[in-house]
Amino acid sequence: MRILARHHGTLPDRLLSLFRREKVQEITSFTQHAQHGAGSCVDKTYPTANLKTVFSGNIPSSGTSKQLTGLLGYPLFSSPQGFFHCWFLCEAHCNDLVKQILSAPPGLDTLKLFDDLSNAICVYADCVKFIAENAPSDKIARAAIVCNSNAHEFVEKLNTNVDLYRAIKAVSEHSETVSSFNDEDITALQSFLHDMELSGIHLPADIRHSYVQYMTEISTAGGSFLQLGQQPALIKFEDTPEALRDYKSISKDNDNKKVEFIELHGPGSEHAMTDIREFAFRNYHAFSQDRENELMNLLRARHKMARSVGFSSYSERELRHTMQVPPDKVSNFLTNLHSELKPLVDAEFEHIKYAKADDVRHDFNEPKIYPGDGQYYSRVLNERFLVENHKHNMFLDLLEFENVIEGLNVFCEDVLKISLVTEAPMTGELINNNIVKVGVFDDKEGLIGYIYLDLFERDNKTPRTCLHTITCGTRTQIPVVVLQCSFLMNPRQQSMGQYHYPRINLDQVQTLFHEFGHALHAILGRTTYQATSGTRGPTDFSEIPSMLFENFISHPEVYYAVINPFAVYNESDFQFGTKNLFNTPYTALKTETSILYSMLDLELHSGSLPSSTNDIADRLYSKYSHLSPVPALHLINASLISTFTELDTTVISGRNQLLILSFTIFFTTSPSTSLQVKS
């Protein structure tokens, strides 16, 4: 966010500056090795391709270079033993940096050594965390989980190291030194101090020791909860509706008999058939006592950790790091927002009930709208609205995935002057062959980052949408990120061993653009210090670039480019004026659902532990949602599985709506050309 403060142009210029980057002065050989082993530099002998070519037709099953490496380009990440060997090397390097910090006089060198220490542990921890959640084998997953826990425990030991705190505190108290610091130096200094003070560095040794134990418990419970949450639902083949029998099946022994099961990897919220959608939702989110136990372990550990360092609740501690407001004010804000939103949700809900009634004409009772229905019918109504108001049926068409990707590339070239070029990975680098490695190139600077596009569902993959930072970018370190989605593949083609890229709807296009905004923020928002670079900052601010990038797709010119990036258009082709294409009346329910999730997050992380998470979920559903809760489901798993695996409390609903409003107000002409502002 320091980039924003240094710009004084028009508002769009300042907004775009979030995505721009400082010039990379040099890429050291050590940094190159840290990113991709011996193969970090782009070897022109490896085949590269246009994204359109890669995402056309079948998913490639080969195309890797002959050079061998391990996962994510680290040679040691090729076997379970390698993870532990790599951790041994990382720990030794970190301990050496600690010795250098403690022997250095207070000054800028101390600050840079702190950032080197942070970078060394973060590069390792971020890699093993991603691998633990998406490992290609159980052995690799177990090794990554143990090493991830080791790294978390080591980080908290560093955060509670009194000698380290005294060293960085001495820098802040050396007025002559601090007066020579620039904004980036001061921000990094404050960040390190803040992290250590949140960890109870001022408290007695026994409390600091307990804090480290609680953080280890949090890491362990969070990993277990995530693993349980990403397991597919198993349904006996004979109990499965015909429409779902194309999904992958497995055989298991049951009372000495082979029983065939269908694997259900998602809640089926996009299925057009009402009974199938409800069947999939009920079975995928069926209550699991094991999941409930791990969630309670996670909540209990977070509660004890927060209390041990002087906070009344976990939510108070986490909000102190982001919005700087107490939980009760956040709760009041969300409650007031929900009250203001209620008339809009009431109106939308009536339309949804009519739409579902048309689908279930055999049922003469007023239809209930379940959590699995809301997303589906809101999308259907939005598409109908767009067709009726813009007199164009293109909004009903599923978009060819390769066109969307190429349209995204064309947009990046036009607006940001960067290009996306696929690079053949080294053998052993990818977790799965349907992941695509993309180099991000600047017109003048050349290679400025890597993005692994991991966009489609598969076995052993966490079913969520997010961005993983693997290596944070600085002026001397190339950033590496993984953009993860779970777009559904065609189940019949999967069962036949065919993997064609799917066609995706408008909501999925917006999701892709949102996550790509995070990726560009991580790659282009580089500073001197990796600890404050890119998306490493308060969650509130990290959402701004992604929300802006997501809303670019709502502009007619950008949308046309995504539909067919190779067509040539005249001005007369754009009949929609300067409207936000997706400014439809059917978005209130989505916002209400965000409020519900945020309130659920706050409630579960309040001062007292719940006896049952579902009891709280049931109560909040009745108060903050028009949707009918489904009995005997694990509603927490249905709503917050991704939230609970992160170590922060996120309250985003109101902020996201304000960002959408800001985009609508300020961008009145083409966002890819003049970016003019209303006077």
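Of the 679 residues in the protein, 53% are buried, where buried means under 20% relative accessible area, exposed over 50%, and partly exposed in between, with a 1.4 Å probe and protein chains only. This is a predicted model, in which local features need pLDDT of at least 70 and side-chain atom pairs count only at pLDDT 80 or more, while totals for chains, interfaces and linings use all residues. Residues are numbered from 1 along each chain as its sequence is written, and side-chain values use heavy atoms, with hydrogens and water left out.

**The whole chain**

With everything displayed, colour by secondary structure: there are 25 helices and 13 strands, taken as DSSP runs numbered from the N terminus, helices being H or I with at least four residues and strands E with at least two. Switching to a surface, the protein exposes about 29,700 Å², of which carbon and sulfur atoms supply 51%; accessible areas come from the Shrake-Rupley method with a 1.4 Å probe, and for residues only the protein chains shown count as cover. If contact means heavy atoms within 4.5 Å, then among the contacts with a separation of 6 or more, 74% are between residues 24 or more positions apart.

Select lysine 356 next, in helix H15 (residues 327–359). Is this lysine buried or exposed? Its relative accessible area is 2%, so lysine 356 is buried. Its side chain makes a polar contact with the side chain of glutamate 278 at 2.7 Å; a polar contact is a pair of N or O atoms within 3.5 Å, where within protein one must be able to donate a hydrogen and the other to accept it, and residues adjacent in sequence count only if both atoms are side-chain atoms. Leaving aside neighbours within four places in sequence, the residues in contact with lysine 356 include Thr274, Glu278, Pro367, Ile369, Asp373 and Tyr377.

From here, move to helix H12 (residues 274–284), whose buried residues are Thr274, Ile276, Arg277, Ala280, Phe281 and Tyr284. Looking down the axis of H12, these buried residues fall within an arc of 165 degrees, so they line one face of the helix; the arc is that of the directions from the helix axis to the C-beta atoms.

**Other salt bridges**

The count of salt bridges comes to 15. Select aspartate 126 and arginine 536, whose side chains meet in one of them at 2.5 Å, N to O. Aspartate 126 lies in helix H6 (residues 108–134) and arginine 536 in the loop between helix H19 (506–524) and helix H20 (539–552), so the pair ties together parts that are 410 residues apart in sequence. Arginine 536 is partly exposed, at 21% relative accessibility.

Then go to glutamate 318 and arginine 317, which form a salt bridge whose closest N and O atoms are 2.8 Å apart; glutamate 318 is buried at 6% relative accessibility, and arginine 317 is buried at 7%.

Lysine 342 is partly exposed at 40%, and aspartate 346 is partly exposed at 28%.

Helix H7 (residues 138–159) has 22 residues and reaches 31 Å from its first C-alpha to its last, close to the 32 Å expected at 1.5 Å a residue, the expected span being 1.5 Å times one less than the number of residues. Its buried residues include Ile140, Cys147, Phe154 and Leu158, and among the elements that cover the buried residues of H7 are helix H5 (80–103), H6 and helix H8 (162–173).

In helix H23 (residues 613–624), the buried residues are Thr613, Asn614, Ile616, Ala617, Leu620, Tyr621 and Tyr624. Seen down the axis of H23, they fall within an arc of 155 degrees, so they line one face of the helix. Ser622 and Lys623 are exposed on the other side of H23.

**Two backbone stops**

Finish with leucine 72, in the loop between strand S2 (65–68) and H5, where phi is near 60 degrees, a positive value in a residue other than glycine. Leucine 72 is buried, at 4% relative accessibility. Lysine 417 also has a positive phi, of about 60 degrees, although it is not a glycine; this lysine is in the loop between helix H17 (401–416) and strand S7 (418–423), and lysine 417 is partly exposed at 43%.

Definitions and conventions
A salt bridge is a side-chain nitrogen of Lys or Arg within 4 Å of a carboxyl oxygen of Asp or Glu.
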